[in-house]
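Subject: Structure handover and notes

Dear colleague,

Please find the structure below, for your files. My notes come after it.

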Amino acid sequence: EALATAGWPLSLADDARRPKVLSTPREFVEALCTSAHVDTLFVLPGGVSLLEQEEALPRELREAVQQQPTVRTMLDSLPDEMLCRLRGRVYLCGGGGEEEELKEGS
């Protein structure tokens, strides 16, 4: 129910698709360097700061992340030209929790 309320796909409730939360920058780097992670989502809470990568993100993206309460409103707030420049897969999650890929990763 929480996934649907937040607008996330229900498939994230499946253990195979559940994000792997890591505790340290070392764990994060090890996971990226030593595991098969093409379809795995790794989360390092506070990772942008812990990895000292704040300036690696475009200013518009940093501001949107700081100002918006949800991922959906953050993406909606970005200018179209920013969305065109971002690389990655973009999914639309329907009200019933089904997901549809809108943009393939490049």
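The notes below go from the whole chain to single residues.

This is a predicted model, in which local features need pLDDT of at least 70 and side-chain atom pairs count only at pLDDT 80 or more, while totals for chains, interfaces and linings use all residues. Residues are numbered from 1 along each chain as its sequence is written, and side-chain values use heavy atoms, with hydrogens and water left out.

Overall

The chain has 6 helices and 4 strands. Both are DSSP runs numbered from the N terminus: helices are H or I with at least four residues, strands are E with at least two. Read from the N terminus, the order is α-β-α-β-α-α-α-α-β-β.

Of the 106 residues, 14% count as buried. Here buried means under 20% relative accessible area, exposed means over 50%, and partly exposed is in between (1.4 Å probe, protein chains only). The surface of the chain comes to about 8,000 Å², and carbon and sulfur atoms supply 55% of that area. Accessible areas come from the Shrake-Rupley method with a 1.4 Å probe; for residues, only the protein chains shown count as cover.

Contacts are heavy atoms within 4.5 Å. Taking the contacts between residues at least 6 apart in sequence, 22% join residues at least 24 apart.

Surface patch

Val 21, Leu 41 and Val 43 make a nonpolar surface patch of about 240 Å². Patches consist of residues with over 30% relative accessible area and no salt bridge; like charges are joined within 9 Å, and nonpolar side chains (Val, Leu, Ile, Met, Phe, Trp, Tyr) within 5 Å. Val 43 belongs to strand S2, residues 42-43, and is partly exposed at a relative accessible area of 30%.

Two glutamates in the loop between helices H3 and H4 are worth a look. Glu 52 sits in this loop, which runs between H3 (47-50) and H4 (59-67). Its phi is positive, about 55°, although Glu 52 is not a glycine. Most residues other than glycine have a negative phi. Glu 52 is exposed, with a relative accessible area of 66%.

Glu 54 is in the loop between H3 and H4 as well, and is partly exposed at 31% relative accessibility. Neighbours within four places in sequence aside, Glu 54 contacts Val 48, Ser 49 and Arg 62.

Salt bridges

The structure holds 2 salt bridges, each being a side-chain nitrogen of Lys or Arg within 4 Å of a carboxyl oxygen of Asp or Glu. One joins the side chains of Arg 62 and Glu 55, with 3.9 Å from N to O. Glu 55 is exposed, at 67% relative accessibility. The other joins Arg 59 and Glu 63, with 3.3 Å from N to O. Arg 59 and Glu 63 are 4 residues apart in helix H4, so about one helical turn separates them. Both are partly exposed: Arg 59 has a relative accessible area of 46%, and Glu 63 has 32%.

Arg 62 is found in helix H4 and is partly exposed, with a relative accessible area of 23%. Outside the four places on either side in sequence, Arg 62 is in contact with Glu 54, Glu 55 and Leu 57. A polar atom of the Arg 62 side chain lies 2.6 Å from the backbone oxygen of Leu 57. This is a polar contact, that is, a pair of N or O atoms within 3.5 Å; within protein, one must be able to donate a hydrogen and the other to accept it, and residues adjacent in sequence count only if both atoms are side-chain atoms.

Met 74 is in helix H5, residues 71-77. Met 74 is buried, with a relative accessible area of 12%. Not counting residues up to four places away in sequence, Met 74 touches Leu 61, Ala 64, Val 65 and Gln 68. Arg 62 and Met 74 are 12 residues apart along the chain, and their C-alpha atoms are separated by 9.9 Å.

Cysteines

How many disulfides are there? The count is 0, where a disulfide is a pair of cysteine sulfur atoms within 2.5 Å. Cys 33 is exposed at a relative accessible area of 64%, and Cys 84 is exposed at 64%.

Regards
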